[in-house]
Amino acid sequence: LEHDLVLEGRVVTPRGFEDLEVGVDDGKIVEMKHQGLKGARRIRTGRGLTFPGFIDVHVHLREPGWEYKEDFRSGSEAAVHGGVTTVADMPNNRTPATNPTLLMEKRRLADEKALVDVRLYGGVQAGRLADLKEMAPLVAGYKLYLARSTGGAIFPETELRAFFREASQTGLPASLHCEDQTIIERMEAVLSGQRRADLYCDIRPPQAEVSSVRKVIEALRGFGGMRANICHVSTAETLAEVRRARESGLLVECEAALHHIFFNRKAALEDGLLRTNPPLRPESDRRALLEGLKSGLVSFLVTDHAPHTEEEKRSQGLAGVPGLDDYAHIVSWLIREQGVSPDVIARVASSSPAKFLGLDDRGEVAVGKRADLTVVDIHTPVKASRDQVRSKCGWSPYEGMVFPGGARWTIGEGTVLLDDGDLVT
Ligand code: DOR
Ligand code: ZN
């Protein structure tokens, strides 16, 4: 019997590494053996490590409405370049995706244009909790902004309990952007008139995040089955809150974004393009995120891919950085230079995200699963450069930096999308 495709090499499985042949037919993994598989095509992954396809639960692909920043095609090319085979797209478009009509339009565009599997979040608006049930069939989860960010939506803290009550009926999880808008506004007033490159880090201070996270966790009490994901955790104290919440029995997940785990606030001083919400933090927080990744406290490694053009970043100071193109670069750096083991990567970049999104057909290299596979070569250094960026925004926060490696093959449902480093289009 000849398979459509056979991958041969070192595979990251829940039991560690194994040298295996992975047989793929009709988009699924159908056989795994030490040797003897035959395939119409054989990929020898050499020094590459085969992971379950990376799943990024937090991206902004900007379509419809802001296609000059990104669209489903360009954003998914960036994903393929970074080894990401499934993304979950945030609702803060020009017209936020907060109802079934808008979500259906997004669904149609994604199905037509995307090269990777796109899941959607439904945006939640104040006073519109009745929309939750209507959106449920179209979304992987809900998204709430507790402070103003791109798109400007804000959900009042006072409605959080009502939200959790309603959302817990749907069985879907919620992702929350936690920053305390009141604290941000107070800091804006206190710091007005100051001018320095890292002022933004103080206008949106760590306490704003921690305060907001505490309110979310308090509001979650009593809604036992409800899963809440704290987006892009930036500070050590938030991680401590997440740990306490879990110990008290709440289902709290949390994300670490590439930029928060790679840069500290000194970098924000030197590079004006690194403005994000929440901002970059001191080195001690960066280290805490890294430790949280290793210890299991951090559930998901995300990009928070938030493309803006370089021009509008510089002229309007918009917050957000792209990340999809560099996902595997950062993975290679985490493994080779930060002491993160490949099985931790498989957990935070694939198996936990799959569970969170309700995708039990993926997240592991195993027979019966979808053939979403990412081969990362961690032994062939690559320099991140602008001409490699597939995101329409055309720049990367990591330009000029040399990483231990990157994605070499990206396979989505059995289709080779990145072939020995080259995008297949
Ligand atoms: O920096 C950010 N950019 N933080 C967000 O919360 C939104 C994102 C965006 O969409 O630009
Ligand atoms: Zn975001």
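Which exposed residues are carried by the face of α5 turned away from its buried side? That face carries T182, R186, A189 and V190. The views below come from a predicted model, in which local features need pLDDT of at least 70, side-chain atom pairs count only at pLDDT 80 or more, and totals for chains, interfaces and linings use all residues. Residues are numbered from 1 along each chain as its sequence is written, chains are lettered from A and ligands numbered from 1 in the order in which they are written, and side-chain values use heavy atoms, with hydrogens and water left out.

View 1. Helix α5 spans residues 181-190, and its residues Q181, I183, I184 and M187 are buried. Because these buried residues fall within an arc of 160° seen down the axis of α5, they line one face of the helix. The arc is that of the directions from the helix axis to the C-beta atoms. An α-helix has 3.6 residues a turn, so residues three or four places apart point the same way. The cover over the buried residues of α5 includes α6 (199-203) and α7 (206-220). Buried means under 20% relative accessible area, exposed over 50% and partly exposed in between (1.4 Å probe, protein chains only). Helices (H or I, at least four residues) and strands (E, at least two) are DSSP runs, numbered from the N terminus.

**View 2. The zinc site.** H58 (NE2), H60 (NE2) and D304 (OD) coordinate the zinc ion (ligand 2) at 2.0 to 2.1 Å. Along the chain, these donors follow the spacing H-x1-H-x243-D. Both H58 and H60 are buried. Donors are N, O and S atoms within 2.8 Å of the metal (3.2 Å for Na, K and Ca); water is not among the atoms, so sites may look incomplete.

**View 3. The largest cavity.** A cavity is a set of points on a 1 Å grid over the protein atoms alone where a 1.4 Å probe fits but cannot get out, and lining residues have an atom within 4 Å of a point. The largest cavity is lined by 19 residues, of which H60, S149, N277, D304 and A306 lie nearest its centre.

**View 4. T86 in strand β6.** T86 lies in strand β6 (residues 84-89) and counts as buried because its relative accessibility is 0%. Leaving aside neighbours within four places in sequence, T86 is in contact (heavy atoms within 4.5 Å) with F54, I55, D56, D117, R119, L359, R362 and D372.

Notes:
On a 1 Å grid over the protein atoms alone, a cavity is a set of points where a 1.4 Å probe fits but cannot get out, and a pocket is an open set with protein on both sides within 12 Å along at least five of seven lines; lining residues have an atom within 4 Å of a point.
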